[in-house]
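I opened my notebook to see what could be read from this structure. Here is what I looked up, entry by entry.

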Amino acid sequence: MAWLEWLGKGVLSGAIVVIASEIAKKSTIFGALIVSLPIVSILSLFWLYNDTKDTAKVAGFAEGIFWLVIPALSLFIILPFLLRRDWSFEAAMAVGIIATIIAYTIGIYTATQFNAT
């Protein structure tokens, strides 16, 4: 892949994150809406197909995303739960990240059992 195409993908992906965080400063729900949309997944699916033209690979990738979205949700359950119980941001985030890593490990194992890899 040409370095300019690679750079363009990175800039576009980074711009989405910047836009979402800037919008979240004014409205947390609209910032959350932007990042909850599967924009990165959709772009990645398009880019993977464009680069490989391999529909089986795209199908496997989409299925893998499904299996790993579920464990990713653990962070968004644990973090607000702990913050609302007066945990410091750093401690709550650390526990959330550790729990998410554990959930991802379980999710990857589950996905491999269903041949999603």
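**Entry: the helix pair.** I started with how helix α1 (residues 3-26) and helix α2 (residues 28-36) pack: the angle is about 160°, and their axes are 6 Å apart. I kept in mind that this is a predicted model. Angles over 145 degrees count as roughly antiparallel, and α1 and α2 are therefore roughly antiparallel to each other.

**Entry: who touches whom.** Next I asked which residues make the contact. From α1 I noted Ile16, Ile19, Ala20, Ile23, Ala24 and Lys26. From α2 I wrote down Thr28, Phe30, Gly31, Ile34 and Val35. I then sorted the contact residues of α1 and α2 by kind and got eight nonpolar, two polar and one charged.

**Entry: a patch on the surface.** I turned to the outside and found a nonpolar patch formed by Ile19, Ile23, Ile29, Phe30, Leu33 and Leu37. Together these residues have about 550 Å² of accessible area. Which elements give two or more residues to the patch? They are α1 and α2. I noted that α2 gives the most, with three residues. I also looked up leucine 33 and placed it in helix α2.

**Entry: charges.** I reminded myself that side chains of opposite charge can pair when their charged atoms come close. How many salt bridges did I find? The count comes to one salt bridge. The side chains of glutamate 22 and lysine 25 meet in it, at 2.9 Å from N to O. I checked their positions too: glutamate 22 and lysine 25 both lie in helix α1, three residues apart, which is about one turn of the helix.

Terms used
Residues are numbered from 1 along each chain as its sequence is written. This is a predicted model: local features need pLDDT of at least 70, side-chain atom pairs count only at pLDDT 80 or more; totals for chains, interfaces and linings use all residues. Side-chain values use heavy atoms; hydrogens and water are left out. Axes are lines fitted to C-alpha atoms, for helices over the stretch in contact, and angles run from 0 to 180 degrees between N-to-C directions. Helices (H or I, at least four residues) and strands (E, at least two) are DSSP runs, numbered from the N terminus. Angles under 35 degrees count as roughly parallel, over 145 as roughly antiparallel, 65 to 115 as roughly perpendicular and the rest as oblique. Contact means heavy atoms within 4.5 Å. Ala, Val, Leu, Ile, Met, Phe, Trp, Tyr, Cys and Pro count as nonpolar, Asp, Glu, Lys and Arg as charged, and the others, Gly among them, as polar. Patches are made of residues with over 30% relative accessible area and no salt bridge: like charges are joined within 9 Å, nonpolar side chains (Val, Leu, Ile, Met, Phe, Trp, Tyr) within 5 Å. Accessible areas come from the Shrake-Rupley method with a 1.4 Å probe; for residues, only the protein chains shown count as cover. A salt bridge is a side-chain nitrogen of Lys or Arg within 4 Å of a carboxyl oxygen of Asp or Glu.
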